[in-house]
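Here are my notes on the structure, point by point. Please keep the model open as you read.

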Amino acid sequence: MTTGDTEGAGAADTAAPAPFASVDPTLYTFGPEGEVIIPGSQSDETGDRFWPPRLRCPRTGGTVTDVDLATTGTVWSWTFVHAPWPGLVSPNGTDEGYTAGLVDLADGPRVIGVLIGDREAIAVGTPVRAVPLPFRELADQQGAILAFETTGIAS
Amino acid sequence: MNRDVYVLGVGMSRFGGPPQTLAQKMITSGRAALADAGLGYDRVESLYLGSALMPPTFGVDVVKDFGLTGIPVVRIENASATGAAAFFEAVHAVAGGRVEVSMALGFDDPKAVGVGFNNRSAESRGLLGAVGPMTFFSMWAVRRMAERGTTIETLAKIAAKNWNNARHNPFAERQAPEPVTVEQVLASRMLAYPHTARMAAPQGGGAAAAIVVSGDVVRSLGVSDAVRVVAAQAVSERYDPGHLFKGAIVGPPEMARRGAHAAYEEAGIGPDELNVIAFHDAYAIEELLYYEEIGLCGPGEGDRLVHDGTTELTGKHPVSTDGGFIGRGHPAGPTGLAQIWELTEQLRGRAGGRQVADPRHGLAHIIGAGSVCYTHILEAAR
């Protein structure tokens, strides 16, 4: 399968300003270089991190501080969904379906995302990094969704 | 519970059919439960309406046709666990001594309101639309396969069992004309690996009801086969590493373990004494994981129970005897009450072709997104 869509869209050296708008801005956003920002909360008392941001620490009820979470992690699990991709640009370039995943970020929180990259490499434990995936038009900007691209094979 | 509580009557409509309106199904199943209890609606002192999907006031409007007796009518919502939540409130209304007779009525029609496990509404066309309940449960399955070597054939065997149990349940949504084989389950359309269409619950509309009464009512009526509620437990999530806060199914299977153990303690029994079991088996992987979480076997041993027949109708611990979510269906609001319906019929020996041999205790487990878990244990009269 091709990852051309994402590689082109996610390239940080294109110098295009703010290339993507988030489809779900409370869950993830994109920086001026197209870099993924995963907002979260850190418990001031325990140091635990949570996604998406919470008003208070779900463990203690104490205060939290806004943080940007790690954008690398490993696949906790995945599945291939045999249904047409709901966005405009399929991650596979076809309507056969797409891979969904749960990813454990390097700093703790488990997040949901679409998995792209070599489908054969996707497995429990595969290392991944967050990338934008073009999804649909939002007003006059290209909307993108949170995806994770494989960066290796499961150890 | 402060005093004895019994299920005196149950009733339900066929899920997904016949072609009645949802309101007709509600009245039909409610009146069936009253007739089963041998009581008129004028004896009901509180009514709990379980609906996860219908608009506000829909239920209280329909139930005027039971009779405008002036009793408290309360709507309960707790996602997929809504019907169990309504039953739980009825049980505790009687247990606490506030009323002698309470009624729980669950109802929903996902198609009428355009929602479902696999639907994507315009509002959900984002990350949460791309990664829905079907996706989450399939990821549980893939993780299990990686950790324990569970095979897709094992999941298919669970689903085939439930389809075939549903063949003996006239109220099941799925009514297969011939026995369903593992091969047929595997050959059906792949939804999200490893779950095929026949490993997933259908979501037609329906209604189900239960009449809950005190021991005094049972004795005054001279009823000899009323089923006693020996445990009614509700739990919600606890924090664990890897805890999910966003997504369609955020609750860990661990809730099943905690809810079941609280119920065992209340009932004074253990998992070995369960003779009929109902789970939230919307996807086949759930039934497998819950075997272990409620203690029917040790961690990683669930696959063996599938293959040695332990959870079949003739086994030691029959599971999803009415077809479960996969065979009977899962409208949402009535689902938990359909589980109570099945346990009650089994424990009274009225389950026909799917009757298990001389059951004494039945357990109903159901989760709701958000996330909550209800566990009830019912006991046969002896």
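How many residues does the contact take from chain A, and how many from chain B?

1. The contact takes 25 residues from chain A and 23 residues from chain B. Residues are in contact if their C-beta atoms, placed from the backbone, lie within 7 Å. On the side of chain A that touches chain B, β7 (72-81), β8 (98-105), β9 (110-116) and β11 (141-150) of chain A each give two or more residues. The largest share, six residues, comes from β7(A). By class, that side has 18 nonpolar, three polar and four charged residues. Ala, Val, Leu, Ile, Met, Phe, Trp, Tyr, Cys and Pro count as nonpolar, Asp, Glu, Lys and Arg as charged, and the others, Gly among them, as polar.

2. This is a predicted model: local features need pLDDT of at least 70, side-chain atom pairs count only at pLDDT 80 or more, and totals for chains, interfaces and linings use all residues. Residues are numbered from 1 along each chain as its sequence is written, while chains are lettered from A and ligands numbered from 1 in the order in which they are written.

3. Chain A has one helix and eleven strands. Helices (H or I, at least four residues) and strands (E, at least two) are DSSP runs, numbered from the N terminus.

4. Three strands of chain A form an open antiparallel sheet, in the order β5-β4-β6. Its edge strands are β5 (49-50) and β6 (64-68), each pairing on one side only. Pairing requires at least two DSSP bridges between two strands. β4 (residues 39-43) and β5(A) pair over two bridges. A:Ser41 has A:Phe50 as its bridge partner in β5(A).

Terms used: Contact = placed C-beta atoms within 7 Å.
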